[in-house]
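Q: Hi! I'm new to this one, could you walk me through it?
A: Happy to, let's look at it together.

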Amino acid sequence: MDEGRLAAALSWDRLQRRKFKPMRLNTSSGSIPLEDIHYLEISGHKTAVHTTQENLLLSDPLSKLEEPLLGRGFCHSHFSFLVNLSHVQRVDRACLTLDNGETIPVSHRYYQSLMNAYIDYLKL
(Lines give C-alpha, C1' and ligand atoms only; values in the text may rest on other atoms or scores of the structure.)
Protein backbone atom coordinates (compact mmCIF):
# COMPACT_ATOMS: atom_id res chain seq x y z
CA MET A 1 0.00 0.00 0.00
CA ASP A 2 1.16 3.53 -0.76
CA GLU A 3 2.51 5.14 2.46
CA GLY A 4 1.15 8.57 1.51
CA ARG A 5 -2.38 7.24 1.07
CA LEU A 6 -2.13 5.28 4.31
CA ALA A 7 -0.95 8.37 6.21
CA ALA A 8 -3.79 10.45 4.72
CA ALA A 9 -6.35 7.77 5.65
CA LEU A 10 -5.04 7.55 9.22
CA SER A 11 -5.05 11.34 9.53
CA TRP A 12 -8.66 11.51 8.32
CA ASP A 13 -9.60 8.70 10.70
CA ARG A 14 -8.03 10.53 13.66
CA LEU A 15 -10.03 13.66 12.84
CA GLN A 16 -13.25 11.64 12.69
CA ARG A 17 -12.54 9.99 16.04
CA ARG A 18 -11.84 13.31 17.72
CA LYS A 19 -15.33 14.52 16.82
CA PHE A 20 -16.78 11.86 19.09
CA LYS A 21 -14.44 12.29 22.11
CA PRO A 22 -15.59 15.31 24.09
CA MET A 23 -14.04 13.82 27.23
CA ARG A 24 -11.76 15.85 29.47
CA LEU A 25 -9.06 15.10 32.01
CA ASN A 26 -9.95 16.66 35.34
CA THR A 27 -6.96 17.78 37.39
CA SER A 28 -6.45 19.82 40.51
CA SER A 29 -5.62 22.75 38.18
CA GLY A 30 -8.62 22.47 35.88
CA SER A 31 -9.82 20.42 32.94
CA ILE A 32 -8.03 19.50 29.69
CA PRO A 33 -9.71 18.05 26.56
CA LEU A 34 -8.34 14.53 25.98
CA GLU A 35 -7.84 15.12 22.26
CA ASP A 36 -5.43 17.97 23.08
CA ILE A 37 -3.17 15.78 25.21
CA HIS A 38 -0.22 14.25 23.38
CA TYR A 39 1.29 12.53 26.42
CA LEU A 40 1.82 12.70 30.16
CA GLU A 41 5.25 12.31 31.73
CA ILE A 42 6.52 11.88 35.27
CA SER A 43 8.61 14.90 36.19
CA GLY A 44 10.01 14.52 39.69
CA HIS A 45 7.02 14.24 42.02
CA LYS A 46 4.77 15.99 39.51
CA THR A 47 3.28 15.20 36.11
CA ALA A 48 4.05 17.10 32.92
CA VAL A 49 1.09 17.15 30.53
CA HIS A 50 2.13 17.87 26.94
CA THR A 51 -0.75 19.29 24.89
CA THR A 52 -1.13 20.78 21.44
CA GLN A 53 -0.95 24.32 22.84
CA GLU A 54 1.25 24.10 25.92
CA ASN A 55 3.07 21.98 28.47
CA LEU A 56 1.60 21.96 31.97
CA LEU A 57 3.26 20.85 35.19
CA LEU A 58 0.67 19.45 37.59
CA SER A 59 1.01 18.51 41.22
CA ASP A 60 -1.17 15.43 40.58
CA PRO A 61 0.85 12.19 40.38
CA LEU A 62 0.67 10.25 37.11
CA SER A 63 -0.82 7.28 38.97
CA LYS A 64 -3.88 9.40 39.83
CA LEU A 65 -4.26 10.95 36.38
CA GLU A 66 -3.89 7.68 34.45
CA GLU A 67 -6.92 5.94 35.98
CA PRO A 68 -9.56 7.59 33.74
CA LEU A 69 -7.26 7.51 30.68
CA LEU A 70 -6.16 3.88 30.45
CA GLY A 71 -8.47 2.05 28.07
CA ARG A 72 -9.66 5.31 26.54
CA GLY A 73 -7.00 5.72 23.88
CA PHE A 74 -4.07 6.14 26.29
CA CYS A 75 -1.35 3.58 26.97
CA HIS A 76 2.00 3.41 28.73
CA SER A 77 5.04 3.31 26.46
CA HIS A 78 7.35 3.46 29.45
CA PHE A 79 6.89 3.61 33.22
CA SER A 80 7.24 7.40 33.05
CA PHE A 81 5.10 8.05 29.94
CA LEU A 82 1.40 7.72 29.17
CA VAL A 83 0.73 8.36 25.48
CA ASN A 84 -2.43 9.37 23.62
CA LEU A 85 -2.62 6.78 20.82
CA SER A 86 -4.50 9.18 18.55
CA HIS A 87 -1.28 11.21 18.20
CA VAL A 88 1.02 8.24 17.46
CA GLN A 89 2.43 8.16 13.93
CA ARG A 90 4.98 5.36 14.23
CA VAL A 91 6.07 2.76 16.78
CA ASP A 92 9.54 1.20 16.90
CA ARG A 93 11.15 -1.05 19.49
CA ALA A 94 12.94 1.78 21.29
CA CYS A 95 10.68 4.79 20.64
CA LEU A 96 7.48 6.05 19.11
CA THR A 97 6.92 9.16 17.03
CA LEU A 98 4.00 11.51 17.56
CA ASP A 99 2.21 13.56 14.91
CA ASN A 100 4.04 16.68 16.14
CA GLY A 101 7.44 15.02 15.50
CA GLU A 102 8.33 14.35 19.14
CA THR A 103 9.79 10.97 20.02
CA ILE A 104 8.85 9.14 23.21
CA PRO A 105 10.82 6.21 24.66
CA VAL A 106 9.33 2.71 24.54
CA SER A 107 10.61 0.33 27.18
CA HIS A 108 11.00 -3.38 26.62
CA ARG A 109 8.53 -4.00 29.46
CA TYR A 110 5.72 -1.97 27.82
CA TYR A 111 6.41 -2.68 24.14
CA GLN A 112 4.00 -5.62 23.68
CA SER A 113 1.10 -4.04 25.58
CA LEU A 114 1.66 -0.78 23.65
CA MET A 115 1.58 -2.63 20.32
CA ASN A 116 -1.59 -4.52 21.31
CA ALA A 117 -3.31 -1.31 22.40
CA TYR A 118 -2.20 0.54 19.25
CA ILE A 119 -3.44 -2.24 16.96
CA ASP A 120 -6.77 -2.33 18.84
CA TYR A 121 -6.98 1.46 18.55
CA LEU A 122 -6.39 1.31 14.78
CA LYS A 123 -9.14 -1.29 14.40
CA LEU A 124 -11.79 1.07 15.85
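Q: Which residue in E7 is the bridge partner of Leu-40?
A: The partner of Leu-40 is Leu-82.

Q: Before we go on, what kind of model is this?
A: This is a predicted model, where local features need pLDDT of at least 70, side-chain atom pairs count only at pLDDT 80 or more, and totals for chains, interfaces and linings use all residues. Residues are numbered from 1 along each chain as its sequence is written, and side-chain values use heavy atoms, with hydrogens and water left out.

Q: Thanks! How many helices and strands are in the chain?
A: The chain has three helices and 10 strands. Read from the N terminus, the elements go α-β-β-β-β-β-α-β-β-β-β-β-α.

Q: And what is the strand order in the sheet of five?
A: That open sheet runs E5-E4-E3-E7-E6, with antiparallel pairing. Strand E5 (55-58) and E6 are its edge strands, each pairing on one side only. On average, neighbouring strands are turned by 20° against each other, direction ignored. For such angles, axes are lines fitted to C-alpha atoms, for helices over the stretch in contact, and angles run from 0 to 180 degrees between N-to-C directions.

Q: What holds strands of a sheet together?
A: In general, they pair through backbone hydrogen bonds, either parallel or antiparallel.

Q: Which strands form the sheet of three?
A: E8, E9 and E10, in the order E8-E9-E10, form an open sheet with antiparallel pairing. Its edge strands are E8 and strand E10 (103-105), each of which pairs on one side only. The twist from one strand to the next averages 25°.

Q: How many bridges link E9 and E10?
A: Three bridges, in the antiparallel sense. Cys-95 stands opposite Pro-105 in E10.

Q: Switching topic: where does H3 lie?
A: H3 lies across E8 and E9, and runs at about 135° to E8.

Q: What span should H3 have?
A: At 1.5 Å a residue, the 16 residues of H3 (residues 108-123) should span 22 Å, and the end C-alpha atoms are 24 Å apart, which agrees. The expected span is 1.5 Å times one less than the number of residues in the helix.

Q: Which residues of H3 are buried?
A: Tyr-110, Tyr-111, Leu-114, Met-115, Tyr-118 and Tyr-121 are buried in H3. Buried means under 20% relative accessible area, exposed over 50%, and partly exposed in between (1.4 Å probe, protein chains only). Met-115 counts as buried because its relative accessible area is 19%. Met-115 and Cys-75 are 40 residues apart in sequence, and 9.6 Å apart in space, C-alpha to C-alpha.

Q: How much of the whole chain is buried?
A: Of its 124 residues, 40% count as buried.

Q: Which residues touch the most other members of the largest nonpolar core?
A: Val-88, Val-91 and Leu-96 do, in a core of 16 residues. The elements giving two or more residues to this core are strand E7 (81-84), strand E8 (88-91), strand E9 (95-98) and H3. H3 gives the largest share, five residues. A second, separate core has 12 residues, including Ile-32, Leu-58, Leu-65 and Leu-82. A nonpolar core is a set of buried Ala, Val, Leu, Ile, Met, Phe, Trp, Tyr and Cys residues joined through side-chain atoms within 4.5 Å.

Q: Okay, Ser-77: buried or exposed?
A: Buried, because its relative accessible area is 0%. Ser-77 lies in strand E6 (residues 74-78). The side chain of Ser-77 reaches the backbone oxygen of Pro-105 at 2.9 Å.

Q: What else is Ser-77 in contact with?
A: Leaving aside neighbours within four places in sequence, Ser-77 has contacts that include Val-83, Leu-96, Ile-104 and Tyr-110. Contact means heavy atoms within 4.5 Å.

Q: Last one: where is Thr-51 found?
A: Thr-51 is found in strand E4 (residues 46-51). Thr-51 is buried, with a relative accessible area of 11%. A polar atom of the Thr-51 side chain lies 2.6 Å from the backbone oxygen of Glu-54.

Conventions
Helix = DSSP H or I, 4+ residues; strand = E, 2+ residues; numbered from the N terminus. Polar contact = N/O pair within 3.5 Å; in protein donor to acceptor, adjacent residues only side chain to side chain. Pairing = 2+ DSSP bridges.
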